[in-house]
Every structure is written in C-alpha cells, then in structure tokens.
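Welcome! Take a moment to look over the sequence and the model, and then we can walk through some of the features together.

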Amino acid sequence: MTGQVYAQPVVAGGVLLVATEANRVYGLDPATGDVRWSRDLGSPWDPSEIGCGDLTPTVGVTGTPVVDPNTGTAYLFSKGYASGSSGPVRWQAHAIDVQTGAERPNFPVTISGPADNDPGTTFQPATQLQRPGLLLLNGVVYAGFGSDCDISPFKGWVVGVSAGGAITARWTAAPGPDDGAGIWQAGGGLVSDGPGQILLMTGNQGAFDGSRAGTSPPPRLGESVVRLRVQGDGTLSPTDFFEPYDAPSLDAWDADFASGAPVALPDAQFGTPSHRHLMVAAGKEGYVYLLDRDHLGGMRQGPGGGDDVVDRIGPYGGVWARPAVWPGDGGYVYIPTASGGTTSWGTAGVLRMYKAGVGGSGLPTLALAGTSTDAFGFSSSGPVVTSNGTQSGSALVWVIWSPDGSGGGAQLRAYDAVPRNGAPVLRFSAPVGQAAKFAPPGVSGNRLYVGTRDGHVLGFGVPVTPSLNGSGLAFDSTTTGQQQTKTATLTATRHVTVTAVSASPTQFSAGTPAPAAPVTLEAGDQITVPVTFAPTGAGSLGGALTVEFSDGQQQFTLTGDGRLPAPKLTASAPAISFGGAPVGAHLTESVVYTNTGGASLTIGTAQTPQAPFSVDGLPAQGQTLASGQSVTVNVSFSPTSTGSYVDALTLNSTGGNVTVGLSGQAQAPGHLVIEPAGLDFGSIAPGAAVTQSFALRNDGGSSVMVTKSKPPTRGGFVATTSLDEATVIGPGQTLVEEVRFAPAAPGAFEDAWAITTTDGSGEHTVPLHGVAAAAAGASALGGPPGTTVAGPKPIVLRAIRVTPRHLPRRGWRTERITVRFELSAPARIRFTLARRVPWSSQAVPLFGAHVVAARAGRNRVRFTLRWASGRLSPGTYVLVLAPDGGPGPTRHTRLAIGR
C-alpha cells in the first residue's frame, strides 16, 4: 500500500482499517489481506516546508482512528493542503463508512478557529501534529495535537468534532503568546474514565512554577496530567491536574512528561478503599507515577513541597511509549524504555514489568518485577496484552521491538505476562521489516496486525503450522572488528525441500547448513545453520535468517549488539529527582556509572554539586573501569532551608563525560498540634453517654505521618472514629477524632489516646477524664445525629439544621449553606467539615466565616464553602460545631456530597 503506517491498524465490522501517511485509507480483509476498498484523502503534507525531518517524506494520517460500532463509522484526522499539493495547510476530520470507505454527510471538517479558553490564540495547522489516538465520547470525537519538531508556532490542543460534523471544542493547554504543552503521548490515546471526562498528558515549554492545588489548574498546563470536563455547551474546562514538582527543570532538560501516555488502571485489581481509581504515567525522566484519578495531586502539594501522588518509583529509564496492563495474576504493568539501558550509544533501554501491590501504609504500590536482559532501541512500540479474560497463564505481552530510531530489522515479540527470575520470558518473535516509530500492533480475533514504515501490514494469527520449528538467535554484545557464531537448529514439521539459506543484513552471515541445501526433509528431520555476527558499529541490530523452500520461505529473528572497541562511560539515569523534603531531612539516591565500551577507561575529575546536595562513593581520579564494570555513586539531599534546588553531577573519564541532573524541593517541617490537649467529660449518670472530640492539626510546611495511634482501651471510653497508623496529615490539614464516654457503673474513669507522628515532637497523650455519678441536676442531652456534653456550667448546643443537605461533587467551586442552631449562652463557635469513613476522620477547614460569635438562643449563619483541599469523594460528611479556643461541648449534623 502507499505510505508509512503509523496509525495502529483497527478491525471493525469485519474490516481491517489501515490509514497511511500518504493520506490513503484502506479497508482490508482481516484474514487474507485483500483490499476491499481504498480512499484518497488528498495530497499529504510535505514536512520539508518547515524543515522538520522527524516524519518524512509526507505526513497524512498519524493518529490511530476510532470507530463507532453502532454506526460503523471510522473517524480519523488527516494533514494536507487546502487545494492541490502545495499552498495553505489544513487538518481535516473525516468520518468514513468502514464497509465502503464512503465519507459521511457533513464531512470532512476543516479544523480552524480560536481557542475557546483563549480567543486570541488561533489553530495553526502547518506546525501542529495529530499523534495521539482519537477518543469517541458521547457522540463527539476528540483529537489531541502537539508540535512537528517543536517548530513555532505550536501548542497543545484538544479539538472536538461531533458526529454531525460540527466543531464543538477547541481547547489549548498553552493560552497566551508562548508555545508549549504539546499533546504527543507516543501515539497513546486520550483517556476517559466517565461521562464527559478526558485525561491526557502534556509536554514541555509551559510548566507552572509554583504551588497549586489540583482542583485549581493554572491557565498554562505544560508537563502535566490534565483532567478535562465537557461543559454544557460542549467546550472543555480543566478541573484537576498533576505536575511533577521539578517540571520547570524538565522544561529546561527537554525531559517532557508527555513522551509517555496515561493509562487508567482497572479498579477491581489495582484500587484500594482509600484510592479506588488509579492511573499510571511516565515520561523521559524515567520515574513511574501511580496517580489517584479522583485527586491527581496538583503542583508541589506533597511532603516538603514535593509530589502529592500515590506512589513514585524509579528512575528506570526514559519512556517513549504507552504502558500496557494485565489485571490477572495480581496485576502487572508493562513499560518499555528507550534510555537507561546498558548500551554504549545511550539511546536504548529495556522492557520492564511492574507488579501491583499494597505497601505497609495501606497505599497501592508498583514494584519492579522484571527487566529484559536485551536492549530495546528507541522507537520500540508500546505493548499490548492478549489473554483469555483474567485466566492465569493465558496472557501474552506483545511489543514491536526496534533496534534503533530507523526501525530497520524490527521484530514482533511475545512475552509471558509474569516474569521469571526477574526477567521477561520470550515466547515468540518474528521479523517485521522496518517498523513505524512507537506504533503498537493492532489486535482482533486471534490475530495481530503490524503496520510498517515501508508501507506494509503484516498479519499474525493462530492456529499456524510452520514448515520448520525453531527459534531465533540472540548474540552477546560483540566488539566491532570481532565476531561471534551461533547455530540455529530447525526441525521440519512436514515434507519440505530447503533450497537456500541466507541471513540479513550484512552484519549477519549464514554458513553452510548441515545437511547442505538443497535438501529434502521429512517431518522430524533437522537442519543446522551456523550464523555469524560481525558488527560494524555500535548499537542494537535486528535481522533475519531466511530459509527458502520450493513452495515459499520462512524467517527466524536475529538480534545482536555492537560495541565500540573504545571505552564508553554511561549513567543509569539522566537525572535524579529527590522530590519534596522537610528542612532537616536527609534523602539518598544512587546513580550507577558503567563502562559499556570494549576497552578499559580511566576516571578523571568530577564536578560535584553544591549544598544541599552531596556525593559519596565517587571513584577516585585515575581509577580504571574494565569493559562492563560499574560503580555506584550515592547522591544525598539535605536541605537546611526552604526552596527549590537544581544542580548537577558530572563525571569525566577517558570514555567520555557524563552529567546527571539533580533537583530537590524543601519546605518547613511539619508540626502537629492537638486541640484541646485533653478531654474532660465531667459527671454523668451511669448508663448515659456523651461524646467529645479533639483535633489534630498540622500547622507546619510538610506532611507528617502517624506512626503510633493507641486509642483508649480501659473501659468507659470508646473511640468512635479511627486514626490509623500511617495516616498522612498534610500541611494545614486537620483531622477530628471523637471519643464516647459511656460508663456502665459509678466511678471515676481515666484513660488516654497516645499519638506519635514523624514531626519529631515525640509522643502526644490526650488524657481522658470522666465521672459516673447520679449527681442531682446532672444530665446529658443528645440523640442522633449529634450529642451534647455536660460539664461545669456547660454551653448547650441544640437543634442543629443545615440547608441544603446535598451538594454536587463536580462542577462547583463555591456553595452556599445555611446552619441553624441554639445556644444556652453566648459563645464563639467553630465550624469544621469532617469526613466520616471507616478508615479515617479527615477534616477539611471551611473557608469564610468559620468562627462565629453566636448569641444565646436561636442563631442562623450562612456560609460560602470554598473547597481548598482537592476534589472530595462522594459520601456523607459531618458539620461539627464546637466552642472556639479550648475544651467544650460539640455537636454535629450530616451533609451529603455526591454526584
């Protein structure tokens, strides 16, 4: 067919849909490959017009199409010219009948016009690239756009086109005059996890530099995971975001986040009660992030001004791919990297497998479970997983392996979903020629389809009975000027005549097979072929051993790694990100330096970072590293004052100089305050019950974690809320805990709630005191949903009522509520909104008039609630009333927040 195949092949309605960079669309028979129809979308665009050599010679359809199964309509975007083969450039949205290739009415639609969120910014088609896979959501097709070679002007865009052929949305991630925030995602698709919800990742040039809650996204959203919501008028608005704390450094290092793609994880296998809806994301810096889709995390909202994420592991090498997921066998995530491997040229990585789990704090985690022993070159695809449901042992991880950015000598590979002895298990491999960059195979009906850069679609399926059974050959790393020979043993499955055996490219050569060709084999007969690998340069190399028959041919994969005879110093990571830390903390990470060349190297001088960074374990000047030898260097971050820190470590050698970037963020330490310091329940009658509460407030600048929580156990007192160990209290956050005093017999009762956190202030003890005696005049007032507390000259709270009692979950920034209550005497009353769930008691401070001077008798107070702690999960919350400034009675009423 005509043109490179970058868009993932898609099967729908019994048709294999293939779109190319020559602006040709084909409908193929998915079993035979016969062309049923083809359609010309006009002349493709010539990227030399702007001097971009990334995708050549033409750009047509790059993003993977999406198909509406209800109408049999395939939607795709093409780049071309307004007229003929030159002149003004245009992007068009197409809607094509998958059975006939005919264009639907009102299509194609030309993409143009100003951004809804920035009328001064207009879509510029010549310098925009539509790479991410399309998303069909509620009858609208959404397409993400980034740049062609970062040539100005470019911005990240999301454009929506309805099934009726109308543009419904034009949103830009970089409003204003500056470029940036492109949406690329290595071709991975836009994600939706609910009606009207879109998740995506943006790239560099546009990072926000500051502290910002996730539910208050800044106007420019570079280096971010972004949640967009479809508004009532069809336009898009950001409602949540996450940006790594070191995003400004990522901008400077060109280590953009959107080189990877976001993937939503299945709730049942990966979620926990505290984080039910997760997603995974990774980029060029090599850290793998586990995010909560209900609370993405904002910017510098975590401990010490770092990341507020569920988990972050790595760095494990730069990512230019979409992760894949297997929910069976306990849950796995698969991510190939394109850097951080052990190759001598620095542009290859490995396939990594991560196991889902739950950490000691009860938070979801990902842990590295397997790493491939061979290199994955730049432009290898994102994986796909096939399986029989979640049946253990049925899953395979498929990936198109490329040796380098050219895609030549690529292979389709299949690995077991569960690693063995810390490494993926290869089950199948086959040569596919020149692979398209980052493009994964399409899957349907026990078949896989691989689009190539030289204009082919290859189909693989089962059951298949090959003429010869055997496996490919993988050669060890070999220095140029030397060679290595291995033998392929092939077994016939039928009567077959082998007429010739050859190997390609020229770095591989096939010796004389035994028995020599031509030779006739019967089922069970074997033929052995010696193959020699003699690399001529550095880098991974893929090839094929071709066996020709009288009635066809069969190929087996060949893989090698060329190593230069000169020494070569490489580092395990391009940068180390320490995240956030409180002042006074001491964090340590490691970087591994390896000599990946063919000769020994000598260590030279080193340029070490300034405080608060420090380095330990540097090899001495003059020390030698033999070929393949490594040395581990520890880098520490010990901030003594608040701020953002960026530096670098450079190690010089006769095998080259390597620089590793360093970044860290520091804030004031956390500080726990408990108010009131103790609870005195006064005197009540045996058999009665009263409830009081105390608050834990972190008034420091960093999060603190509860390391000890021992509620009362001696009898008389019962904790009616739980404060779990490993609970994290963020800066400015308050938790409210309640204790019920319910003595069964007369007497004086003493107990305590012991609490320790990581703020360094030691153990806090909240003493509890109460007396059970039938004293004259003593009483306890209460009843659902709240209670009152009796004590010396008590202030009695009664008749609490709040309207409205139900607030929406999304779509609000402020809400007005009215609270009515009665007091027995004038007092200043403090209002707190608290979360009541089985595993925590998280309080969120109310903004506005949260302390009110109230009079005796009836009071009515109106509040404007401004949510400042992130998106709240739906459920029942509690409005708590208590005297301000010390011990005293409390009362509460329920307030529902939900969809």
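Is Asp374 buried, partly exposed or exposed? Asp374 counts as partly exposed, because its relative accessibility is 26%. Keep in mind that this is a predicted model.

**Asp374 and its partner**

- Asp374 forms a salt bridge with Arg413, where the side chains come to 2.6 Å, N to O.

**Other salt bridges**

- In general, side chains of opposite charge can pair when their charged atoms come close.
- Across the whole structure, a search finds 18 salt bridges.
- One of them joins Arg39 and Glu103, with the closest N and O atoms 3.7 Å apart.
- This pair links distant parts of the chain, since Arg39 is in strand E4 (residues 35–40) and Glu103 is in the loop between strand E7 (89–97) and strand E8 (109–110), 64 residues apart.
- Arg39 has a relative accessibility of 26%, so it counts as partly exposed.
- Another salt bridge is made by Asp54 and Lys437, at 2.8 Å from N to O.
- Here too, distant parts of the chain are linked: Asp54 lies in the loop between E4 and strand E5 (66–68), and Lys437 lies in the loop between strand E33 (426–433) and strand E34 (442–444), 383 residues apart.
- Asp54 is partly exposed because its relative accessibility is 43%, while Lys437 is buried, with a relative accessible area of 11%.

**Strands that pair up**

- You can find an open sheet of four strands, in the order E16-E17-E18-E22, with mixed pairing.
- Its edge strands are E16 (197–201) and E22 (298–299), and each of these pairs on one side only.
- Inside this sheet, strand E17 (residues 225–230) runs antiparallel to strand E18 (residues 236–243), and six bridges connect them.
- To see one of these bridges, look for Val230, whose partner in E18 is Leu236.
- Elsewhere, strand E46 (residues 569–571) and strand E48 (residues 587–595) are antiparallel partners over three bridges.
- Leu569 is opposite Asn595 of E48.
- Strand E48 is also joined to strand E52 (residues 630–637) by eight bridges, and this pair runs antiparallel.
- Tyr593 is opposite Val631 of E52.

**A closer look at Thr557**

- Where is Thr557 found? Thr557 is part of strand E45 (residues 552–563).
- Thr557 has a relative accessible area of 4%, so it is buried.
- Its side chain makes a polar contact of 2.8 Å with the side chain of Ser429.
- Leaving aside residues up to four places away in sequence, Thr557 touches Gln411, Ser429, Ala430, Pro431, Gly472, Leu473 and Gly543.

Methods. Residues numbered from 1 in each chain as written. Predicted model: local features only at pLDDT ≥ 70, side-chain atom pairs only at ≥ 80, totals over all residues. Heavy atoms only, no water. Pairing = 2+ DSSP bridges. Helix = DSSP H or I, 4+ residues; strand = E, 2+ residues; numbered from the N terminus. Buried < 20%, exposed > 50% of the residue type's maximum accessible area, 1.4 Å probe, protein only. Polar contact = N/O pair within 3.5 Å; in protein donor to acceptor, adjacent residues only side chain to side chain. Contact = heavy atoms within 4.5 Å. Salt bridge = Lys/Arg side-chain N within 4 Å of Asp/Glu carboxyl O.
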